[in-house]
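Thanks for coming. Please look at the structure first.

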Amino acid sequence: MNAIIFSAIMGVVMMFTGILTNKKPVITLTAIVALVILLVANLLNSYGIFSIQVDTKELLHFNKMGMFFNTLIIAGTLLFVLLSGSELEKLGNKTADFYALIFFVLCGTAILTSFNGMLMLFLGIEILSIPLYILTGSDKKNLKSNEASLKYFLMGSFTTGIMLMGIVLLYGATGSFGLVGVTNSALPPSAGVQSASFLQVAGLLLLFAAMSFKVSAAPFHFWTPDVYDGAPSVFTSFMSTIVKAAGFFAFIKLFASNTSLLGPTWSIILSFVIVATLFAGNITAVFQRSIKRMLAYSSIAQAGFMLFALYSNNDLGTEGIILYTVAYCLATIGFFAILMKVKDYTFDGFNGLASTQPVLAFVATICLLSLAGIPLTAGFFAKYFMLASVVKAGGPIWLVIVAVLFAAISAYYYFKVIQAMYFKEGQPETAEIGQGFKIGLLLVAAAIVLVGVLPSIVLNCFYF
Amino acid sequence: MITLLLILTPLVTGLIAFFLKQGNAAKNFALLASVATAALSLSAVFAQGTLTYDASWLTSIGSRITLKADGMAKMLTLLTAVSFPIIFTAIYNNTYKQAASFYGLMLLSQAGLMGVFLASDALLFYFFWELALIPVYFLCSIWGGEKRIAVTFKFFVYTFVGSLLMLIGLLFMYFSTADQSFSWQSFQAVQLSAKQETVLFWLFFVAFAIKMPIFPFHTWQPDAYEQSPTATTMVMSGIMVKMGVFAVIRWLLPMFPVAAAQSANLIIVLSVIGMIYASLIAIRQDDIKRMIAYSSIAHIGLMSAAMFTNNATAMEGVMIQMFSHGVNVIGLWIIADLIEKQLGTTNMKELGGLAQKAPVMAILLVVMALANVALPLTNAFIGEFLMFNGLFQYNMVMAAVAGISIILAAVYTLNMVQRVIYGNVNATTEKASEIPFNIQVALVIITLMILVFGVYPQPLLDLTGDSVSAIFVNK
């Protein structure tokens, strides 16, 4: 409960900060302090010290897993602000409001990590989404940003409708909004097989479509490239990591107990979605000229891998999604921080970066290796756990081979950036880069390698 | 402990090398580091019995840092440890842009190679397998020839796909083990159905076949060898291809004996086709580097055929040949590099008459060339003899066809010697001069190894004897 309450309060605090001062560094510093307080509050909560108790009438259920995930999300946001805060300050005069919106997003994610029924899921998704629509359009003078915002808003609202419809159908079928209630109220088992009514299946499928939209899984991914490309880079970084991870967590939690209702059809549908997502993300990413768009498609591709946790629905998958979140957030936030320092977002804009900015190029390389899933980086174990969970769940070998082949394709576009930085000549224009920023980046790189060599550091926290 | 140090020394010194000043500092440091590793490796070779090291790593998923140095591993770590000082000595006069990074990456690739040969835990093995690949990717792409980027990328994608297929195999094996562990012992103990075994066998085999490389997985190799900086080519052709051979012997054959026996015919046929095919192409090459690359494919083809004959004699041959081929091919590359540095070309059409200009080099090149042909009294002879012997016992026809490659090897190698050393000096070779001292040192060490092991291969046979008998006792 701490995370929900504190994030909401901090959001309001940030709004007041905007009234009290217009010095941007002060605002950023306030946001950092607020995030640290939020992080500490959540950590204390997970150890049972100073935890605010509210009777949530079974609408929310707090467990260690959820709290740990909150910790990851808040820590990820902290990392994001530390590395990209200065970029955020450059976007007009509403810095404090942007931070306030980020805190409201965190409030939404905190609800998503603890929802215990459809209503809370819906609330969480909406609390998370509405600030994002605004953040996407925050670069008011940029037409692309406006377009992206409108597109995102319209598509998001439409999805909201689908989600509500799904919830309604489930309620109609079972008379319950609860996560457990929906499962338990299935038709009485006939011949030992628990089966679902038509309404239930339809409801679940609608929910599945809505959640697929939120995590940009194919075939509901079409908004992603435009929105990611149009939004200011600093928010793309936030949306494609923190928000996406939270969406996945909710997705998995929602379907973990319900998959048995759909029977074998479920795994067929999901395999189709996974393969389609991997295909759409990876193949299209290969043809991009802008690195930012490439990252948008790669984020779709990564979603394909993350869906394996949903497919396998076992402890290895849960551990995997935690590790994936850590690996993916570290690498993507790190890489976006670098991307924003380079003036030209095309591949050619990165030509020769290694000779002009060796630290940036080095950290970017580590981030890209991690995204590609090369051993000794966090991304390897993230992908490893995903594949392992499918094998453990008895998934078909072809699915694993397809995933692996797409991972090889992904190496193509990630390495194109490395090639540009190291092997091509050029004088890329970069913004001024401070010592602190470089140290921050090097710490990110160190963290990626550390998790890549000893993933148990993260996983042991999970079982604290 | 020595086993751990064999990996840590190049790893740590490699990381340190990145932070050294450019120029001579990095060069000298790397040379010293590699000599230290070589000394460690020699002490490992002279230590009795199998050396082991064990420490916990990822307890939750059953992977440990388990290192094991039996005879075969000792021999290959010795090859790795000895090759690097030789390579560093040979390239001592070269100046590289960003020398610190160059030597750092070289040492890191050495650490990866050491790890591959020592790991007795499958996940650890996979880690080192990739660790050896990544530095080489950067080495080739930054310091290579004109077409380096595209060529190295092809090499990277090939090996990466292979590695990923192996990863799937590892996962399936892991979940089939009784104790959910990645240890070598647990992997050997897995009981699989015939169908499973066949599928898994091929998943692993493709990864190893790409690395060796054997026909038809070889297409990345000639370009990569040609475009890479020569020091890296030496590592790739001298040591890295042995990773594939080693992996087949250490992991593949004991894990899937039934599938291996079933697929043996097909693989041997492919290997023999590869030998003849590569030899014929080698004859047609005008470029020394490409000729050596194709000749290497032919030699590896013989090793891969011999491995699958299920014959102890052939296996002994493979062991010796892994070492001999590594040393010899490095010698050939050193000379090719020297010619290119001095004359700006490795095209045989433009060369000739070097014996008059550089007699010492001519003599050394002839020694390397004869070793490449596997003439008796050179180290390659005994290896090839044992392998052909085993292949003959397996299938006479295939041995006979494969035997043609010996003749073809003589054709292209001696042709190269004739076109490069003999004949008249021309405008290009006019500027040739005698080889520098450092390269002489490197080549003389190699020549000594060629001759010593050619006359008296027993130490190598003794060293690897336990590994060979272990393979055949278990059957």
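I start with E87(A), which forms a salt bridge with K341(A), the closest N and O atoms being 3.5 Å apart. By salt bridge I mean a side-chain nitrogen of Lys or Arg within 4 Å of a carboxyl oxygen of Asp or Glu. The pair links distant parts of the chain, 254 residues apart: E87(A) sits in helix α3 (residues 64–89) of chain A and K341(A) in helix α14 (residues 315–341) of chain A. Helices here are DSSP runs of H or I with at least four residues, strands are runs of E with at least two, and both are numbered from the N terminus. Both E87(A) and K341(A) are buried; that is under 20% relative accessible area, with exposed over 50% and partly exposed in between (1.4 Å probe, protein chains only).

Before going on, the ground rules. This is a predicted model, in which local features need pLDDT of at least 70 and side-chain atom pairs count only at pLDDT 80 or more, while totals for chains, interfaces and linings use all residues. Residues are numbered from 1 along each chain as its sequence is written, chains are lettered from A and ligands numbered from 1 in the order in which they are written, and side-chain values use heavy atoms, leaving out hydrogens and water.

Next, R293(A) and D226(A) meet in a salt bridge at 3.6 Å, N to O. R293(A) lies in helix α13 (residues 291–312) of chain A and D226(A) in helix α9 (residues 223–230) of chain A, so the pair ties together parts 67 residues apart in sequence. D226(A) is partly exposed, at 26% relative accessibility. Both residues belong to a network of salt bridges that also links K144(A), E147(A), K151(A) and D229(A).

In chain B, D337(B) and K341(B) form a salt bridge at 3.4 Å, N to O. They are separated by about one helical turn, because they are 4 residues apart in helix α13 (residues 312–343) of chain B.

Taking contact as heavy atoms within 4.5 Å, it involves 34 residues from chain A and 30 residues from chain B. On the chain A side, 28 are nonpolar, 4 polar and 2 charged; Ala, Val, Leu, Ile, Met, Phe, Trp, Tyr, Cys and Pro count as nonpolar, Asp, Glu, Lys and Arg as charged, and the others, Gly among them, as polar.

Last, the hairpin: β1(B) and β2(B) form one with 4 residues between them, and G62(B) in the turn has a positive phi of about 70°. Strands count as paired if DSSP finds at least two bridges between them.
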